Amino acid sequence: MAHMNKIPPSEMERSMEKIITIFQRYADKEGNQATMNSKEFETFMNTELGSFTKNQKDPQILKKIMKSVDGGVDGKQDGEIDFQEFLNLIGGIMVACNDALLKCPPSKQHPAPTVKPTDMECAMESIVRVFQHYAGKKGENDQMDYTEFEAFMRTELKSFTDNQKDPNIIRKLMESVDGSTDGRQDRKLNFQEFMNLIGGLMVACHCAFVSQFKK
Ligand SMILES: [Ca+2]
Ligand SMILES: [Ca+2]
Ligand SMILES: [Ca+2]
């Protein structure tokens with residue numbers, strides 16, 4: 001029954017994988033393959049997040065953004081961004097995107113795109129929408145309570161969840177990030193806490209990905 005094990009990846013898994021692959025593609029261009037230097041970062045921003053970049057008036061914006069995340073994880077401002085620092089940046093942009101979508105009346109949530117979104121933008125937007133789908137099931141529509149989070153884990157990250165031996169894994173994962181952004185363990189996850197969790201899973205996934213290449 002080998003075919004039964006191979007469930008197709010969910011939208012969430014595809015988006016996470018896409019973000020890892022895109023980071024890898026730009027980080028791999030020169031020097032250290034596991035990090036982005038400022039040139040790689042600028043190429044990434046101008047290519048993948050061009051609609052964000054071109055709306056910025058400050059010509060130094062990319063340098064400033066890079067500086068704001070460089071060293072955020074390991075405390076070393078070495079002019080290189082590792083995957084975790086990259087996720088902090090992307091997560092920040094996604095938090096803004098999530099807030100904007102929540103404030104926007106539903107009728108205006110689908111403006112006709114003037115330019116085709118890039119793979120990166122699609123992946124980021126789809127993660128925001130998946131969060132909103134589950135968080136919006138009941139109660140506060142910008143918070144996932146345990147039931148909503150459990151539904152998310154069992155549906156969108158099914159292959160990960162099914163492979164865990166610990167029956168309390170979902171509760172433990174939730175507790176590990178609840179309060180990480182506001183210091184309040186309120187048994188609910190806001191988008192930023194949710195992204196900390198997803199980011200952690202992606203970092204683990206990315207490490208596996210990189211070590212696979214080194215073999
Ligand atoms: Ca590099
Ligand atoms: Ca909710
Ligand atoms: Ca919380």
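Predicted model: local features only at pLDDT ≥ 70, side-chain atom pairs only at ≥ 80, totals over all residues.
Residues are numbered from 1 along each chain as its sequence is written, chains are lettered from A and ligands numbered from 1 in the order in which they are written, and side-chain values use heavy atoms, with hydrogens and water left out.

The overall picture comes first. The protein holds 11 helices and four strands; these are DSSP runs numbered from the N terminus, with helices being H or I of at least four residues and strands being E of at least two. Of its 215 residues, 41% count as buried, where buried means under 20% relative accessible area, exposed over 50%, and partly exposed in between (1.4 Å probe, protein chains only). The accessible surface comes to about 12,600 Å², and 53% of that surface belongs to carbon and sulfur atoms; such areas come from the Shrake-Rupley method with a 1.4 Å probe, and for residues only the protein chains shown count as cover. Among contacts (heavy atoms within 4.5 Å) between residues at least 6 apart in sequence, 57% join residues at least 24 apart.

Two helix pairs can be followed in the structure. The axes of α2 and helix α7 (residues 119–135) come within 9 Å and cross at roughly 145°; axes are lines fitted to C-alpha atoms, for helices over the stretch in contact, with angles running from 0 to 180 degrees between N-to-C directions. This crossing of α2 and α7 is left-handed, a label used if the near helix is turned anticlockwise from the far one by less than a right angle, with right-handed used if clockwise. Residues making the contact include S15 and I19 of α2 and A123 and I127 of α7. S15 sits in helix α2 (residues 11–27) and is buried, at 6% relative accessibility. Leaving aside residues up to four places away in sequence, S15 touches A123, S126 and I127. In the other pair, the axes of helix α3 (residues 38–48) and helix α5 (residues 61–69) come within 10 Å, crossing at roughly 115°. Here α3 passes α5 in a right-handed crossing, and the residues in contact include F41 and M45 of α3 with L62 and M66 of α5.

Donors are N, O and S atoms within 2.8 Å of the metal (3.2 Å for Na, K and Ca), and water is not among the atoms, so sites may look incomplete. A135 is buried, with a relative accessible area of 0%, whereas E140 is partly exposed at 40%.

For the calcium ion (ligand 3), D178 (OD), D186 (OD), K188 (O), E193 (OE) and E193 (OE) are the protein donors, lying 2.3 to 3.0 Å away. D178 lies in the loop between α10 (169–177) and β4 (188–189) and E193 in helix α11 (residues 191–214), so the pair ties together parts that are 15 residues apart in sequence. D178 is buried at 7% relative accessibility, and E193 is buried at 1%.
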